[in-house]
Amino acid sequence: MTPGLLGALVAAVAYGAATVAQAVGVRRASAVPAGSHLRVRARAAWPYAAGLGLDGLGFLASVAALRTLPLFLVESAVASSVAVTAVLSVLLLGLRLGAAEVVGLVAVAAGLAGLALAAQDGSPTEPGGGATTWLLVAAAVVGALVVAGWRDRVRWRGAVLLSVAAGLGFGGVGVAARLLEVPSPPWGLVTDGLAWALVAHAALATVAYALALGRGRVTTVAALTFATETVVPAGVGLALLGDRVVPGRGVVAAVAFAVTLAGCVALAGRAEPEAGGDADADLGAGGDAGGDGRQMTKASPSRRNPSAS
């Protein structure tokens, strides 16, 4: 296993585990009686802090993976964190997965294996000095979509706009991370336009995703966000950044990409334990008033805003 592929897998595991840990922490903190000492509330919410640490690890691992692996592989691996969440929910919290979820897990595993076989290692091709400018312009577009979705009085349409904005923002984080070169000393990033573009995309995507969850069904929001954040960066990488597949394995890459994405989208709204359990296992996210009570939370300073409450 190459270091880049190991980084992508570590990112998926870390993000998936962070989702469970943060949701448990939020639930435990909310169960503490009102007026309790701050130390008591902090002790109850320690899983949330652990989740933040895992988020940081996942982000660093994904950035490391993007040093040598194409965006279509790394973004798919990170999106597969929803499968990790589902598996951990079974192992640690007693969730029983249905046939559809099992099929989704198998699809994600098979798709990632195919992508790993088809992806060709290599550093990105610098698209030119305008890359930073275009990423900042893209961040402005994401910001405009966030404002439009937030102001739209038609809730379902606003949710769609916000979900697409979140996906574009998270995708922008991936593109910026693929191009970013960490200087020596590292505090030179403070004046690096790519670093600021990455931060802008991350902040806008986090806000957009949180607002989308408040307006639309979790399954719809997650599916649109996953599809956008995976497909758009993959296209950018292949068209502009020199991402390549191993010669003769183009069909394998295309099929594996589609299978992985389909599996992630299928699992997106069913990756959390059923609502109605105890405080540790009830990880339902707000925003999905219908369905069977299972809902999804996503949490990350760089990719997802906590939606459990």
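**Contacts along the chain.** I began with contacts between residues at least 6 apart in sequence, and found that 77% of them join residues at least 24 apart. I note here that I am working from a predicted model.

**Burial and surface.** Next I asked what share of the protein chain is buried. Buried residues account for 48% of its 309 residues.

**Secondary structure.** I went through the helices and strands and got eleven helices and two strands. Along the sequence I wrote the order down as α-α-α-α-α-α-β-α-α-α-α-β-α.

**The largest pocket.** I turned to empty space next. Rolling a probe the size of a water molecule over the atoms shows where such space is left. The largest pocket holds about 350 Å³. I find 17 residues lining this pocket, and Trp134, Leu135, Ala138, Val175 and Val236 are the closest to its centre.

**Who builds the lining?** I wanted to know which helices each supply at least two residues of the lining of the largest pocket. They are helix 7 (131-151), helix 8 (155-179) and helix 10 (218-240). Helix 7 gives the largest share, with six residues.

Last, I sorted the lining residues of the largest pocket by class: 14 are nonpolar and three are polar. I looked for charged residues in that lining too, and there are none.

Technical notes:
Residues are numbered from 1 along each chain as its sequence is written. This is a predicted model: local features need pLDDT of at least 70, side-chain atom pairs count only at pLDDT 80 or more; totals for chains, interfaces and linings use all residues. Side-chain values use heavy atoms; hydrogens and water are left out. On a 1 Å grid over the protein atoms alone, a cavity is a set of points where a 1.4 Å probe fits but cannot get out, and a pocket is an open set with protein on both sides within 12 Å along at least five of seven lines; lining residues have an atom within 4 Å of a point. Grid points are joined across faces, edges and corners, and a volume is the space filled by probe spheres set on the points. Helices (H or I, at least four residues) and strands (E, at least two) are DSSP runs, numbered from the N terminus. Ala, Val, Leu, Ile, Met, Phe, Trp, Tyr, Cys and Pro count as nonpolar, Asp, Glu, Lys and Arg as charged, and the others, Gly among them, as polar. Buried means under 20% relative accessible area, exposed over 50%, partly exposed in between (1.4 Å probe, protein chains only). Contact means heavy atoms within 4.5 Å.
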